[in-house]
Amino acid sequence: MPVIAIIGAGPGLGAAVARKFGREGFAVALIARNQAKLDALAVELEAEGVTARGYAADVREPATLESALARAADELGPISTLQYSPLPSRDYLKPVLDLTPELAREALQFSALGLIHAVRAVLPAMREAGGGSIILINGGTSVKARAGFA
């Protein structure tokens, strides 16, 4: 059974992706910071016939993210699809002149470095299997641009 890991799994986009991929025969690894919320979503998905488990991790803490992905692969099977879509903090959405180097560093850690750690964790198994998919989704500003924001 193929496995999708959804980093940033929540009740909106993450749940919708989990349902869609679950209906297509994928097992679903739900990854976000709150284990109780992940467990509740996994129970909901399981009731709909989707194999799903939650794994708590923070994308700003590489060791927790890598550990969650490793546990998911051990329990569900090699991850063949990775979706990276954690919801960024509103603190990152500052007017350009209010964006400090420290805040930019934190935003990069969240949006880019977390992604790099996640990809490095799943890519060897994808290559061994002959392929896989990495899906990047970053929400609101793709629908409604925010002029003047970094």
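The model is predicted, so local features need a pLDDT of at least 70 and side-chain atom pairs count only at pLDDT 80 or more, while totals for chains, interfaces and linings use all residues. Residues are numbered from 1 along each chain as its sequence is written, and side-chain values use heavy atoms, with hydrogens and water left out.

The protein chain has five helices and five strands, where helices (H or I, at least four residues) and strands (E, at least two) are DSSP runs numbered from the N terminus. Along the sequence they follow the pattern β-α-β-α-β-α-β-α-β-α. The radius of gyration, taken over C-alpha atoms, is 16 Å, close to the 15 Å that the globule rule gives for 150 residues, so the chain is as compact as a globular protein of that length; the rule itself is 2.2 Å times the number of residues to the power 0.38.

In soluble globular proteins, nonpolar side chains tend to be buried together. A nonpolar core is here a set of buried Ala, Val, Leu, Ile, Met, Phe, Trp, Tyr and Cys residues joined through side-chain atoms within 4.5 Å. The largest such core has 26 residues, and Ile7, Ile31, Leu65, Leu69 and Leu82 have the most contacts inside it. Helix α4 (101–129) gives the most to this core, with eight residues. Ile7 touches, among others beyond four places away in sequence, Ile31, Val59, Leu65, Leu69 and Leu82. A second, separate core of 17 residues includes Ile6, Val17, Phe21 and Ala52.

Two of these residues, Val17 and Phe21, are also among the buried residues of helix α1 (residues 13–23), and the buried residues of α1 pack against β1 (3–7), β2 (27–32), α2 (35–47), β4 and β5 (133–136). After α1 comes Gly25, whose phi is positive, near 95 degrees. Thr81, found in strand β4 (residues 81–84), is buried, with a relative accessible area of 6%. Leaving aside neighbours within four places in sequence, Thr81 is in contact with residues including Val3, Phe21, Met126 and Ile135.

Key: Buried < 20%, exposed > 50% of the residue type's maximum accessible area, 1.4 Å probe, protein only. Contact = heavy atoms within 4.5 Å.
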